[in-house]
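Hi everyone, thanks for coming. I'd like to walk you through a complex I've been looking at, so let's bring it up on the screen.

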Amino acid sequence: MNVLEARSIHKRYGGLAALEDVTLTVAKGQFVAVIGPNGAGKSTLLNVLTGLAMPDEGQVLLDGQTITRMATNRRIRAGLGRTFQHGRVFARLNVLENVMTGAAIRGDLNEAGLRDAAMEIIEQMGLADVAFDAIDSLSYGRRRMVELARALACRPHVLLLDEPAAGLNSGEVDQLIERLTALRATHGLAIVLIEHNMGMVMRLAERIFVLNFGCRIAEGTPAEIQADPAVLSAYLGEGYVHAGV
Amino acid sequence: MADFIQLLVNGLAIGSVYALAAIGFVIVYSATGVVNFAAGQFVMFGTFAGVVTLINAQLPWSVAYGAALAIMALFGALFFITVYLPLRRGSIVTIIIGTVAVGIIMQNAALLSFGSWPFRLPSPLEDRVVNLGGAIISTHALGVVGVTALMVAGLWVLFNRTSVGIGMRAVAQDLQAAKLMGLKVNRLLALSWVLAAVLAGVAGLMLGPMWFADVNMGDPIALKAFAATIIGGFGSLPGAIVGGLFVGLSEVLGASYVSSAYKDLISFGIMILFLLVRPQGVFGEKIQDRG
Amino acid sequence: MAMRAPLAIAAAILVLGGLVASVLPEYYLRLFNLSAISAVAVIGLNFAFGYAGLISLGHAAFVGMGAYGLAILTTAWGWSPWLAMPAAIVATAALAVLIGYPLLRLRGHYLALATLGLNVSFYIVTSNWIGLTGGTNGIARIPELAIGSLALSGEHRFLCVALVTLAVVAALAAMLHASRHGREMMAVRDDEIASEMIGIDVTRVKITAFVLSAICAAIAGCLFALHVRFVAPEDFTYAHSITYLAMLIVGGEGTIVGAILGAILLTFLPEWLRFLGTTYLLFFGLLMLCILVFLPTGLVGLGRRLRLRSRRTPPPASVGVPEMTS
């Protein structure tokens, strides 16, 4: 059984078909990437999966259960997680408090327990030195780490990441790849990564879905995708294969 | 039937005044994003500008009206400089309380200048009435409706046929893009406030003869203007007109046919109903994440 | 650790309040009582607005519901104030739930105008439903608060009640602030979508904040009715709602200390300005405007800035940028 599934999703905004008959499957513990040019529908797909947008047709399933019209917060409590394209953190709370609000999803912890659970993740993410700092004192890259830490504090078993590398400098990207590699090895955590950074995608993904103009134009392993003519003409460009990973 | 026609005309007349106040409110909101809680006091200032030029200075009609509107235009510019510019980076609540504070200042400035006794503002149409099929209708009320229609037409021309008006619409839709297009954004924003003040001035000058010129008249007008914009649609000019007329009619007809005491509750009740069921009003755009 | 801040606040209120009360002349004691009552209401408003970001211009309506509830129960039904208070508070809370569900789907100035409409409607109803509320004549001869045979009359004795109530409410608010529920409210204010995305039921959080604010308002309303012993529609207009909001902003939104300071300042300021004669309201408005322009984080923010002189931190920037298509 797939842990997350989008079946024949159609989503229109007025006359524009943002998603046209898109099907995506994620197996347990799998690392999947969704790539495609800007405007291809990737964020829309994430919005449909997380309940910020309702599809016109099609279904979304989590662990085999239909969640197409389920409220977002209930999906999260069922094990879904997500980060946003520009990083959405709570500006008035400090780093620790941000992560604690994520951990609070677990009703069995008291205040001290929440603190400990949050600190554990903060340490894993290399944020221990800024745990009590205000969000606005952090660099953009570290803020996105806080967002990721907060999402992980919810203990999802499917994590959706919307362009986590966007806006990061090369040092921060390396750190991100490190984290994602560690997460990839986490037992039972499936990851769906939307990214433009092809190096990261080809290195981490087991399976890649390619979207263009709202349609799925290819699906396969990194090697298959790099050789796919449709993908090359739409997105990667001929020069990519020769440039290597 | 005669009674009904009388009420209808009165309702439309009051509604026209509310519509003008609402239009000014909408112009400022669309262009600057500010919900002007002193909108009612603007109308009150318009009425008292009339008191100054008509009663105190005893100027002839056209000169007096022109001077009163000039005063209002100046006030609008002053407001832009001393209130809008300092406050505009604040949060919504800061602006709300800020404009409320300005309203308090305006009301008390008027109180200190004119005292608390109401004035009777005269109308060039005096107390003349016409007889329409048995209904006695004040010519002033008809004049109000006519003037409002003319102003609305003028505004349409301004916003659709002049570069200034189109510039104001551009600023209202997308401030950044307007700046990038080289539009003199600050000038257009200031113009929005000036225009709103002038419209409030016209509303005040027309309202004076119908009610009284009273320093406390601002708040009830503001509430009706808000109800009008909610019902009509928050960012919409046609909405402000429709909303204003609707509120005026429901007030007058409601007082007669339903209950005089609860007549205001009717307008607010409908406003709240719209907020709950159709917050974008009759004409407004669908609000997703407004505010 | 969890109890330190709440107990400190409660103790500070009782000690400082007692000290001030012992030196103030009778006339100012009355104002001090009114400040304490307003402070209870503003702490409530802090839940709704300071934490959860709900712009409520109808807070005075809930104060009025508590006040009228107590007034009607004690005068028309002959209840003891000690019974009438919890009843009025519960009734107000229930109304807040009913009103909250439809109203809280709105945001920003739509919510502001809807709550304004609520307050205006409350005024119209209380002014005209003469059978229940006495109309514009109000309800008089509300009984005194008494413990057995000891009547809590006079400003000094009432102040004990007011200060104790304020101390308890402030302490509970401080407990909430440091808890997951307080953080949830602040998260919802900062970013509703991000809150949903970590499993927070945003609707439930908003309603809770709204109801909590209504409960505090009702408590303040009951205290007001028992202090002044007379309620009328003019005591609960939208102007009062705006005053409560101004108290919170001036004191420092999002803080309990700010709520109390703002309540005290804006209750005493009209008095201090009274020497200006008929122009005092004008200067009050001017002062409000200046504070908003020059001191947007309120008195508490000013205190913070002065203390952090050496380590300058820039004001918090919003990270909630609208999503782009991908």
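When I say "domain" today, the bounds come from an automatic or database domain assignment. With that in mind, chain A is assigned a domain 1, made of 1–79 + 156–245, and a domain 2, covering 87–155. And please remember throughout that this is a predicted model.

Let's stay with chain A for a moment. How far apart are the centres of domain 1 and domain 2 of chain A? Taken over C-alpha atoms, the separation is 25 Å. Where these two domains meet, domain 1 of chain A contributes 10 residues and domain 2 of chain A contributes nine. On the domain 1 side, helix H2 (72–77) and helix H6 (170–184) of chain A are the elements that give two or more residues. That side of domain 1 of chain A splits into five nonpolar, two polar and three charged residues.

Now for some strands in chain A. Strand E1, residues 4–13, and strand E4, residues 57–62, run antiparallel and are joined by five bridges. If you'd like a pair to click on, A:Ala6 has A:Val60 in E4(A) as its bridge partner. E4(A) is also joined to strand E5, residues 65–66 of chain A, by two bridges, again antiparallel. Here A:Leu62 finds its bridge partner, A:Gln65, in E5(A). The hairpin formed by E4(A) and E5(A) has two residues between the strands, and A:Asp63 takes a positive phi there, near 50°.

On to chain B, and its helix H1, which runs over residues 2–32. This helix has 31 residues and spans 45 Å from its first C-alpha to its last, close to the 45 Å expected at 1.5 Å a residue. Is H1(B) largely enclosed or largely open? Of its 31 residues, 24 are buried, so H1(B) is largely enclosed by the rest of the structure.

Why does B:Leu245 count as buried? The cut-off is 20 or more other C-beta atoms within 10 Å, and B:Leu245 is buried because it has 23 C-beta neighbours inside 10 Å. Leaving aside residues up to four places away in sequence, B:Leu245 touches B:Leu12, B:Gly15, B:Ser16 and B:Ala19. Take B:Ala19 from that list: B:Leu245 is 226 residues away from it along the chain, yet their C-alpha atoms are separated by 6.3 Å.

Next, the contact between chains B and C. Chain C brings 32 residues to it and chain B brings 34. On the chain C side, helix H5 (108–128), helix H11 (238–251) and helix H13 (280–294) each supply at least two residues. H5(C) gives the largest share, with 12 residues. By class, the side of chain C that touches chain B has 23 nonpolar, eight polar and one charged residues.

Let me finish with confidence. The predictor gives the complex an ipTM of 0.90 and a pTM of 0.88. Chain C has an average pLDDT of 87, and 94% of its residues score at least 70. Which stretch of chain C stays under 50? That is residues 313–326, for which the model has 32 contacts beyond four places in sequence.

How values were computed:
Residues numbered from 1 in each chain as written. Chains lettered and ligands numbered in written order. Predicted model: local features only at pLDDT ≥ 70, side-chain atom pairs only at ≥ 80, totals over all residues. Contact = placed C-beta atoms within 7 Å. Helix = DSSP H or I, 4+ residues; strand = E, 2+ residues; numbered from the N terminus. Nonpolar A, V, L, I, M, F, W, Y, C, P; charged D, E, K, R; others polar. Expected span 1.5 Å × (residues − 1). Buried ≥ 20, exposed ≤ 12 C-beta atoms within 10 Å, placed from the backbone. Pairing = 2+ DSSP bridges. pLDDT = per-residue confidence, 0-100.
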